Amino acid sequence: TQYIMEAGKTSLCSAATGKGCSEKENDYIAKMKAKTPEEIQAQVARLDKMSGSSMKPELEDWKNKRLAILKQLAPGPVSKDQL
C-alpha cells in the first residue's frame with residue numbers, strides 16, 4: 001500500500017473525517033480548515049511549484065500528503081453562473 005501511495009502521489013487520509021491520517025496530517029488539516037478558499041488555493045499553487053525541485057524523499061512525501069489534503073479541502077472551480 002505504501003508503494004502505491006508514493007508512486008501515485010496519493011494518501012489514504014480523509015480530510016473530512018480524519019480517518020487514515022497521522023497526527024501530523026490531522027494538525028495540518030485543522031490549520032488549513034481555518035484558511036479561506038483563496039489561501040488554500042495559494043498553498044496548492046506554492047506546493048505545485050515545488051514539484052520539480054529536488055528534495056529529500058521524506059520531504060517530497062510530506063509535500064504530496066499536504067497537496068492531497070489541500071485538494072480535498074479546496075472548493076471546486078468557480079463556474080460563470082456563480083459570478
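These legends describe close-up views of a predicted model.

Residues are numbered from 1 along each chain as its sequence is written, and side-chain values use heavy atoms, with hydrogens and water left out. Because the model is predicted, local features need pLDDT of at least 70 and side-chain atom pairs count only at pLDDT 80 or more, while totals for chains, interfaces and linings use all residues.

**View 1. The overall fold is built from 4 helices and 0 strands.** Along the sequence the pattern reads α-α-α-α. Helices (H or I, at least four residues) and strands (E, at least two) are DSSP runs, numbered from the N terminus. The protein has 83 residues, of which 27% count as buried. Buried means under 20% relative accessible area, exposed means over 50%, and partly exposed lies in between (1.4 Å probe, protein chains only).

**View 2. A disulfide joins C13 to C21.** The S to S distance is 1.9 Å. A disulfide is counted when a pair of cysteine sulfur atoms lies within 2.5 Å. The whole structure holds 1 disulfide. The torsion about the S-S bond of C13 and C21 is about 90°, so this disulfide is right-handed. C13 is buried, at 3% relative accessibility. C21 is buried too, with a relative accessible area of 16%. In general, a disulfide is a covalent bond between the sulfur atoms of two cysteines.

**View 3. Y28 and W62 form an aromatic pair.** The count for the structure is 1 aromatic pair. The geometry of Y28 and W62 is edge-to-face, with 5.7 Å centre to centre and 70° between the planes. Y28 lies in helix 2 (residues 23-33) and W62 in helix 4 (residues 57-73), so the pair ties together parts that are 34 residues apart in sequence. Rings of Phe, Tyr and Trp (its six-membered ring) pair if their centres lie within 6.5 Å; planes under 30 degrees apart count as stacked, over 60 as edge-to-face and the rest as tilted. Y28 is buried, at 8% relative accessibility. W62 is buried as well, at 16% relative accessibility.

**View 4. The charged end of K24 sits over the ring of W62.** The distance from the charged end of K24 to the ring centre is 4.4 Å. A charge sits over a ring if NZ of Lys or CZ of Arg is within 6 Å of the ring centre and within 35 degrees of the ring normal.

View 5. A salt bridge needs a side-chain nitrogen of Lys or Arg within 4 Å of a carboxyl oxygen of Asp or Glu. E60 is buried, with a relative accessible area of 19%. K63 is buried, with a relative accessible area of 1%. Side chains of opposite charge can pair when their charged atoms come close.

**View 6. D61 and K65 meet in a salt bridge.** The N to O distance is 3.4 Å. D61 and K65 are 4 residues apart in helix 4, so about one helical turn separates them. D61 is partly exposed, at 24% relative accessibility. The salt-bridge count for the structure is 2.

View 7. The side chain of E25 reaches the backbone nitrogen of S22 at 2.7 Å.

**View 8. N26 of helix 2 is shown with I69.** N26 and I69 are 43 residues apart in sequence and 9.6 Å apart in space, C-alpha to C-alpha. N26 is partly exposed, at 32% relative accessibility.

Terms used
A polar contact is a pair of N or O atoms within 3.5 Å; within protein, one must be able to donate a hydrogen and the other to accept it, and residues adjacent in sequence count only if both atoms are side-chain atoms.
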